Amino acid sequence: MAAEYKTVSCSQITLSQLMLPSHSNFSGKIHGGYLLSLMDQIAFACGSKFSGKYCVTASVDRVDFLNPIEVGELVTLNASVNYVGTSSMVVGIRVEAQNIQTGQIKHCNSSYFTMIAKDSQTGQPVAVPRLLLQSKEEVMRYLKAAERITLRKQRPASAEPFAGCLEQAICHIQQHYDAKVTLTA
């Protein structure tokens, strides 16, 4: 059977929401956890739209909050599938906030969520359509995602620094960081 190919545009989702006081933290800015929840929702919608399957979040690749979001701003999240594996999809998400009175837009966050397509009966991972790239931007996003995946696979899984040697670890901290080590146990 020939593989099914879908374009990036088949996955694109936009979500806009007005930020309310109930979304804010104690400093009056929009709570990062609330924004993460919106990002997870759009990643699910994007992956499900592309694959036609139920999707779960497998990982989130770095979330940097670049600019605070204010109560009363309109937040818009744009998502698209940037890369596909066998059952996985890397969903790129860009978050912008707009002051609806002035029209000023600021980039607040970009992140990458890896979503896994699941069979609704068995819960097992299922194959997703292949990606048909149609622009230079899509090609570059695909290659950047592939590079992040390769780098992640090269990292040792939870390796103990200095193979667990406390003396070497303390020496390294004292030479390279502004921290004091006083062991009590």
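This is a predicted model: local features need pLDDT of at least 70, side-chain atom pairs count only at pLDDT 80 or more; totals for chains, interfaces and linings use all residues.
View 1. The volume of the largest pocket is about 380 Å³, and of the 21 residues that line it, Ser80, Asn82, Arg94, Glu137 and Arg141 are the closest to its centre. Two or more lining residues are given by each of strand S2 (13-18), S4, S5, strand S6 (105-118) and H2. Sorted by class, the lining residues of the largest pocket comprise 10 polar, 6 nonpolar and 5 charged.

**View 2. Helix H2 and its buried face.** Helix H2 takes in residues 136-154, and at 1.5 Å a residue its 19 residues should span 27 Å, which agrees with the 27 Å that separates its end C-alpha atoms. Glu138, Ala145 and Ile149 are the buried residues of H2; seen down the helix axis, these buried residues fall within an arc of 40 degrees, so they line one face of the helix. An α-helix has 3.6 residues a turn, so residues three or four places apart point the same way. Against the buried residues of H2 pack strand S4 (74-84), strand S5 (88-98) and strand S7 (130-132), whereas the face turned away from the buried side carries Lys136, Lys144, Glu147 and Gln154, which are exposed.

**View 3. The largest cavity, with H2 and S6 in its lining.** A search of the whole structure finds 1 cavity of 30 Å³ or more, and the volume of the largest cavity is about 40 Å³. The residues that line the largest cavity are Asp61, Val90, Tyr112, Thr114, Ala145, Arg148, Ile149 and Arg152; of these, Ala145 and Ile149 are also among the buried residues of H2. H2 gives the most to this lining, with 4 residues, and S6, like H2, supplies at least two. The lining of the largest cavity divides by class into 4 nonpolar, 3 charged and 1 polar residues.

**View 4. Asn25 in the loop between S2 and helix H1 (32-51).** When its neighbours within four places in sequence are left aside, Asn25 is in contact with Ile30 and His31.

Methods: Residues are numbered from 1 along each chain as its sequence is written. Side-chain values use heavy atoms; hydrogens and water are left out. The expected span of a helix is 1.5 Å times one less than its number of residues. Buried means under 20% relative accessible area, exposed over 50%, partly exposed in between (1.4 Å probe, protein chains only). The arc is that of the directions from the helix axis to the C-beta atoms. Contact means heavy atoms within 4.5 Å. On a 1 Å grid over the protein atoms alone, a cavity is a set of points where a 1.4 Å probe fits but cannot get out, and a pocket is an open set with protein on both sides within 12 Å along at least five of seven lines; lining residues have an atom within 4 Å of a point. Grid points are joined across faces, edges and corners, and a volume is the space filled by probe spheres set on the points. Ala, Val, Leu, Ile, Met, Phe, Trp, Tyr, Cys and Pro count as nonpolar, Asp, Glu, Lys and Arg as charged, and the others, Gly among them, as polar.
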